[in-house]
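Please read them with the structure open.

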Protein chains: 2
Amino acid sequence: MTQRQIGVTEVALRDAHQSLMATRMAMEDMVEACADIDAAGYWSVECWGGATFDSCIRFLNEDPWERLRTFRELMPNSRLQMLLRGQNLLGYRHYEDGVVDRFVEKSAENGMDVFRVFDALNDPRNLEHAMAAVTRTGKHAQGTICYTISPLHDVEGYVKLAGRLIDMGAQSLALKDMAALLKPQPAYDVIKAIKETYPGTQINVHCHSTTGVTLVSLMKAIEAGADVVDTAISSMSLGPGHNPTEALVEMLEGTDYTTGLDKDRLHRIRDHFAGVRPKYKEFESATLIDTDIFDSQIPGGMLSNMESQLRNQGAGDRIREVMEEVPRVRKDAGYPPLVTPSSQIVGTQAVFNVLMGRYKVMTGEFADLMLGYYGECPGERTPEVVDIARAQSKKDPIEVRPADLLEPEWDKLTEDARALEGFDGTDEDVLTNAMFPGVAPKFFETRADGPKNVGKTAAQLEAEKAAATANSQAVRGPINYDITLGGRTHSVKVEPA
Amino acid sequence: MTQRQIGVTEVALRDAHQSLMATRMAMEDMVEACADIDAAGYWSVECWGGATFDSCIRFLNEDPWERLRTFRELMPNSRLQMLLRGQNLLGYRHYEDGVVDRFVEKSAENGMDVFRVFDALNDPRNLEHAMAAVTRTGKHAQGTICYTISPLHDVEGYVKLAGRLIDMGAQSLALKDMAALLKPQPAYDVIKAIKETYPGTQINVHCHSTTGVTLVSLMKAIEAGADVVDTAISSMSLGPGHNPTEALVEMLEGTDYTTGLDKDRLHRIRDHFAGVRPKYKEFESATLIDTDIFDSQIPGGMLSNMESQLRNQGAGDRIREVMEEVPRVRKDAGYPPLVTPSSQIVGTQAVFNVLMGRYKVMTGEFADLMLGYYGECPGERTPEVVDIARAQSKKDPIEVRPADLLEPEWDKLTEDARALEGFDGTDEDVLTNAMFPGVAPKFFETRADGPKNVGKTAAQLEAEKAAATANSQAVRGPINYDITLGGRTHSVKVEPA
């Protein structure tokens, strides 16, 4: 029997720590695993994206471009992969096409191989320019379908979107299930249909593990023809993260499929991160599994966000009303997938609707979404709500690709960067400041101090453990101390108040 | 499309807390969930077994028979299910057939419906009498196949064992994967083959989730024709426990199968146990996933057992040697499945072999295993090692069913129980003492004090949380105190040493 080889993308260096530990992992906690990752036989190594870039300059005083070059050097045999938010690049607004070109060129030059390009609304116009830029560099342009569930989303629609992406030069497609909503049967149906319509197209599948069912979905995806799947080494897996790489390997044993991964290398990678993960425990979420999202369609991150907004308004008890409002707001907006930033935009508007009356006050972002400034939504937007958006924002709706409205901006961005203390004169620095203008200036100033590690040290972990033990004893009963002061000894009893 | 209905056995009340929290859950933490469990639409509710019985009298001062009667009363519409270790009943030795009869009768009388009967060695002779006893009471006798991996275990062997169990009157079969070794393809192959050979036979599948792949195995088992699968409500799932019930429900959506479970009830059950689980946190293992067992064939519990034995001998650094010795010892013993008690017996002998030379010293239990006193092993035992067992133990090997060597013992057991303070005169008490003679006497004495809950109270959890916060502040930097003693105030600075 000849087995079909299933490629694996290891996400430990990017999405795994982004999902599990708020993207805080320092480069020094990754370097020692790189040789094993490089030799394990992965199809690609995901290691760069918006949140890791942001976290580098915001929390870790680390140059993200330098991180990329280090990965390139440490993993010479691997395809390095990144996640690119189309016309947004790694930032939170649309950039003019020239900036997109420059960013893609610089990323390729610094070592990036595979660009997974996506748009939160699945608007192909927001991917088109970035995809073309990647193709021009000779690197791998992967077009992405964000998977979601709504009355408008069906297999046919996903196949159509796949066609658009292939037409714009995608070398492969990614089915991206950021909310762990992809169940086994739909996984099979969507991938089977795309493969039948576009034979020979490489399909990569990215699932989170939050709902507990998506390893089964990967199995069905593979049976339907998927070529590459994303997993995280077991010591960096599960919860809001991803399915464990080793479990995928074992799952396929005896089937018509094999990963061909080197299990000894996987063990070493696992052991490395098993040692690292406890350092970042304070950043971890307690959620191990959550199947509520299938009914509410509200991802965990979005829910906690809305809860904190409500508490700040002294309305913590109204979360149920907000949860019922979310699907209505989503419908009014034409059923966007709920993923950053659309999840925050829809969630915040739902909170406003509950607290102040439906659309009495509209956020600027929600008005922009209703008026087309983020791109085209899957369905028709409710005309009355579009009118309110128009009236409140005093803006007109647009039909064009949002970036078409932008003037060339590279020269201006260069000028802005030049004015900053610590700017090193490179295009990379211009791009860093262009994408994170609120964070980059301070980073440039402090960059020379070198990276800092926000994880705990081994000594700190030990001390905490000892303190916790002592403490749990202290809580249980009184402790007697002898205290000597000015030559006299006093006996003191300490007990919980 | 007509969907095939897949039954579900909920294990939250027995195996889930046995696997996750050392079987410590008190009855009072379960009662409030029972109405929802009873109405959710499960095929059965597993709620009783050896470890829960043991824990009741050892740690919780609770009468296990009373627990059973309470379950019966609280869940009048459900099939109550128990795990019965064949001729061992719930204890650690073989019992004479009359005792087996009595135990089964009393269990049925107190409310048990489904008896899942198993033997650690898969020796059908150890199941036969218990199965017949169940059938005589009119209750459901489920014959169990313990799943394991060895050069001798193959699909054909499992089919043959299935046939034996059906011949002895099994109303259904259970494929029991206590070590999470069942991969998707073997799950499919074994169940498909049994279903083809014995059409119409009900097959239940029990998997643990330790290796992270077994939800996929349940999917494949269902595709191959499995009728009922075991899961635990999500808030009592994963790690060394079981796959989440809600994930199973969602996994099947859109397929040819459905569980028909009531999702609102599942949410309520989940919320109940989400509140209970933190109380027992100190009993939880840190293992979330472990795929090593596929290579080592050494279950997690067995490994930690061997490690602690080695440490006690000041030989903690020799675990690798022991791990390599285990497969050799298992081979010599004829490849028994590694499950309680065979896992401990094989593991301890491997430790002895490494520390003292191969079979220089044999444990009494290992000698018994080699000489047939636990029953028949799947393969031939190494004759030289049988000879050593014979010489060291001064016992002869046996070929007969071990219980055939036992004299009627009910009268003697009754007499023993009568001599105990607090004995209540019932057959149930006789059985309790018969199965746990080292624990029951003390329990009878203290029974009148009523059950105790070894979980933490809400107040304790709050206090610990507050203390941990205060403590983590204390560790980070010096704290200044003003201490007044004898009218004089001293300023004191406290900081970590």
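1. Start at the axis. The same surface serves both copies, since 100% of the contact residues of chain B recur in chain A. Keep in mind that this is a predicted model.

2. Next, confidence. The predictor gives the complex an ipTM of 0.89 and a pTM of 0.91. Chain A has a mean pLDDT of 92, and 94% of its residues reach 70 or more. One stretch to treat separately is residues 473-479 of chain A, where pLDDT stays under 50. For that stretch the model has 10 contacts beyond four places in sequence.

3. The interface. Chain B puts 35 residues into the contact, and chain A puts in 35 residues. On the side of chain B that touches chain A, α8 (184-197), α9, α10 and α21 (458-476) of chain B each supply at least two residues. Which helix gives the most to that side? It is α21(B), with 7 residues. By class, the side of chain B that touches chain A has 19 nonpolar, 11 polar and 5 charged residues.

4. Helix α8 of chain A. This helix covers residues 184-197, which is 14 residues. At 1.5 Å a residue it should span 20 Å, and its end C-alpha atoms are 20 Å apart, so the two values agree. Its buried residues are A:Pro184, A:Pro186, A:Ala187, A:Tyr188, A:Val190, A:Ile191 and A:Ile194. What do they pack against? Within chain A, the partners are α7 (155-167), β7 (172-177), β8 (202-207) and α9 (214-224). From chain B, α9 (214-223) and α10 (245-251) join them.

5. Helix α9 of chain A. This helix is mostly covered, with 10 of its 11 residues buried. The buried set includes A:Thr214, A:Ser217 and A:Lys220 as well as A:Leu215, A:Val216 and A:Leu218. Also buried here are A:Met219, A:Ala221, A:Ile222 and A:Ala224. Just after α9(A), A:Gly225 takes a positive phi of about 120°.

6. The core. Nonpolar side chains tend to be buried together in soluble globular proteins. Here the largest nonpolar core has 286 residues. The members that touch the most others are A:Ile191, A:Ala221, A:Val229, B:Ile191, B:Ala221 and B:Val229. Helix α9(A) gives the most to this core, with 7 residues. Setting aside residues up to four places away in sequence, B:Val229 touches B:Ile6, B:Val8, B:Val205, B:Leu218, B:Ala221, B:Ile222 and B:Leu248.

7. A:Val249. This residue is found in helix α10 (residues 245-251) of chain A. Is it buried or exposed? A:Val249 counts as buried because it has 22 C-beta neighbours inside 10 Å, and the cut-off is 20 or more. A:Val249 and A:Val8 are 241 residues apart in sequence, yet their C-alpha atoms are 9.5 Å apart in space. Beyond four places in sequence, A:Val249 is in contact with A:Thr259, A:Leu261 and A:Lys263.

8. B:Phe352. This residue lies in helix α15 (residues 342-356) of chain B. B:Phe352 also counts as buried, with 22 C-beta neighbours inside 10 Å. Apart from residues up to four places away in sequence, B:Phe352 touches B:Val361 and B:Thr363. B:Thr363 is 11 residues from B:Phe352 in sequence and 8.3 Å away, C-alpha to C-alpha.

9. Backbone points to check. Most residues other than glycine have a negative phi. A:Thr23 is not a glycine, but has a positive phi of about 65°. It sits in the loop between α1 (12-20) and α2 (31-39) of chain A. A:Thr23 is buried, with 23 other C-beta atoms within 10 Å. A:Lys394 also has a positive phi, near 55°. It is found in the loop between α17 (383-393) and α18 (410-418) of chain A. A:Lys394 is exposed, with 7 other C-beta atoms within 10 Å.

Notes. Residues are numbered from 1 along each chain as its sequence is written. Chains are lettered from A and ligands numbered from 1 in the order in which they are written. This is a predicted model: local features need pLDDT of at least 70, side-chain atom pairs count only at pLDDT 80 or more; totals for chains, interfaces and linings use all residues. Helices (H or I, at least four residues) and strands (E, at least two) are DSSP runs, numbered from the N terminus. A residue is buried if 20 or more other C-beta atoms lie within 10 Å of its own, exposed if 12 or fewer, and partly exposed in between; C-beta atoms are placed from the backbone. Two residues are in contact if their C-beta atoms, placed from the backbone, lie within 7 Å. The expected span of a helix is 1.5 Å times one less than its number of residues. A nonpolar core is a set of buried Ala, Val, Leu, Ile, Met, Phe, Trp, Tyr and Cys residues joined through C-beta atoms within 7 Å. Ala, Val, Leu, Ile, Met, Phe, Trp, Tyr, Cys and Pro count as nonpolar, Asp, Glu, Lys and Arg as charged, and the others, Gly among them, as polar. pLDDT is the predictor's confidence in each residue, from 0 to 100.
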